[in-house]
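Here's a quick briefing to read alongside the model. Have the sequence and the 3D view open as you go.

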Amino acid sequence: MKALTYHGRHDIRYGEVPDPAVTSPTDAVVRVTAAGICGSDLHIYGGNPFSPELGYTPGHECVGVVVETGGQVTRFKPGDRVLVPASVGCAQCRSCASGFTARCERAKSSTELCYGVSPQLPGSQAQALAVPHADVNLVRLPEGISDEAAIVLTDNAPTAWYGCRRARIQPGETVLVIGLGPVGLMAAQSAFAMGAARVLGADLVAERRTFAAALGVEPVEGEDVRAAIREMTGGRGPDAVVEAVGSDTTIELALKAVRQAGRVSVIGVSQNKAFPFHMGLAQIKELEFAIGLCSVHYELPPLIALTRAGRIKPEVVVSHHFALSEGPAAGPAAYELFAGRSDGVRKILLDPTR
């Protein structure tokens with residue numbers, strides 16, 4: 001089959017890879033109808049992979065149709081339209097049984113918990129994908145949810161919801177979202193759904209701030225972001241901050257911008273093993289600090305219900321469509337476009353069927 005593969009910094013290729021197969025009676029194979037490029041994929045593309053190996057297929061956002069199942073798969077059959085959550089559960093430990101797949105007690109490393117970050121679990125930017133423990137790791141898609149919405153529900157929306165939930169957003173509060181990419185935009189929608197009265201949005205890209213404003217977000221403008229946030233909140237600071245970038249600078253901004261006794265929730269992926277956390281500042285301000293990886297399975301049920309009811313609109317995040325073959329080769333390539341944050345790009349959907 002055809003797939004994208006990673007071969008080093010800024011080196012994504014399109015070509016032939018082995019077809020996925022059912023190798024265990026609990027496996028399934030899904031024909032991919034839509035795949036996404038996530039901000040985490042950009043870490044890999046930029047030369048900061050989560051694994052030293054090369055030649056594997058990236059991607060962990062997938063919508064498709066079941067084409068084959070193992071003999072012990074009971075909840076799905078060929079022809080079922082499904083969403084493949086980014087996080088992968090073992091289906092055996094207590095954490096996975098409760099939906100907390102990111103806490104899997106049997107995984108020996110983080111590369112076993114997500115597709116497309118190593119050769120262990122080839123990713124979704126391909127024509128087909130092998131899914132282990134399919135009864136746990138597939139979600140049947142209800143009628144009326146588009147591929148565009150479903151792609152966002154595989155990872156970006158659950159991560160955003162998780163971040164807002166851990167920020168303990170209360171009705172009537174003011175929330176700051178740092179980073180207005182796909183996760184940040186969904187964090188803004190999630191905050192409103194949880195009852196936030198105001199959502200402020202900070203991002204370096206003016207087009208992203210403008211788009212967020214159309215969703216009801218109050219964009220933070222000006223070169224001195226902290227001063228602008230203070231002015232917008234009457235000198236007090238937001239009640240909660242959801243950080244959706246993962247850089248040292250933005251995490252520090254979150255800690256400094258939030259009000260006294262406020263809450264900071266970091267969902268941006270940080271690969272800094274020595275982040276200079278200002279413990280004194282956190283202690284003096286009496287802050288609550290949360291950080292972690294989302295268990296998509298646990299967060300999905302309310303998000304699917306909210307999507308079907310029209311309370312959140314994940315599909316608005318998708319801005320560009322490419323054929324899978326255009327991932328590395330279009331002008332500009334899908335990866336290049338997304339990494340450069342140009343042409344109003346928010347979320348790219350790759351179509352392996354064309």
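This is a predicted model: local features need pLDDT of at least 70, side-chain atom pairs count only at pLDDT 80 or more; totals for chains, interfaces and linings use all residues.

- If you're looking for the biggest contributor to the lining, go to strand β6 (residues 128–131), which supplies four residues.

**Helix α5**
- Helix α5 (residues 156–166) is largely enclosed by the rest of the structure, because nine of its eleven residues are buried.
- Those buried residues are Asn156, Ala157, Pro158, Thr159, Ala160, Trp161, Tyr162, Gly163 and Cys164.
- What do they pack against? The buried residues of α5 sit against α4 (147–153), α6, β11 (240–243), β12 (263–266), β13 (288–291) and α11 (296–308).
- Arg166 is also part of helix α5, but Arg166 counts as partly exposed, at 34% relative accessibility.
- Not counting residues up to four places away in sequence, Arg166 touches Ser265, Ala290, Ile291 and Gly292.
- With Ile291 there's a polar contact too: a polar atom of the Arg166 side chain lies 3.0 Å from the backbone oxygen of Ile291.
- For a sense of scale, Arg166 and Gly46 are 120 residues apart in sequence and 29 Å apart in space, C-alpha to C-alpha.

- The backbone oxygen of Arg168 is reached by the side chain of Gln170, at 2.9 Å.
- Gln170 itself is in the loop that runs between α5 and β8 (174–178).
- Is Gln170 buried or partly exposed? Gln170 counts as partly exposed, since its relative accessibility is 36%.
- Setting aside neighbours within four places in sequence, Gln170 is in contact with Met194, Gly195, Ala196 and Arg263.
- Gln170 and Asp239 are 69 residues apart in sequence, while their C-alpha atoms are 9.1 Å apart in space.

**Helix α6**
- Helix α6 (residues 182–193) is twelve residues long and spans 17 Å from its first C-alpha to its last, close to the 16 Å expected at 1.5 Å a residue.
- α6 is mostly covered, with ten of its twelve residues buried.
- The buried set is Pro182, Val183, Gly184, Leu185, Met186, Ala187, Ala188, Gln189, Ser190 and Ala191.
- After α6 comes Gly195, with a positive phi near 110°; Gly195 is also one of the residues in contact with Gln170.

**Ser87**
- Look for Ser87 in the loop between β5 (81–84) and α2 (94–97).
- Ser87 has a relative accessible area of 6%, and buried means under 20%, so Ser87 is buried.
- Beyond its neighbours within four places in sequence, Ser87 is in contact with Thr101, Leu113, Asn137, Cys294, Ser295, Val296 and His297.
- With Thr101 the link is a side-chain one: a polar contact of 2.9 Å joins the side chains of Ser87 and Thr101.

Technical notes: Residues are numbered from 1 along each chain as its sequence is written. Side-chain values use heavy atoms; hydrogens and water are left out. Helices (H or I, at least four residues) and strands (E, at least two) are DSSP runs, numbered from the N terminus. Buried means under 20% relative accessible area, exposed over 50%, partly exposed in between (1.4 Å probe, protein chains only). A polar contact is a pair of N or O atoms within 3.5 Å; within protein, one must be able to donate a hydrogen and the other to accept it, and residues adjacent in sequence count only if both atoms are side-chain atoms. Contact means heavy atoms within 4.5 Å. The expected span of a helix is 1.5 Å times one less than its number of residues.
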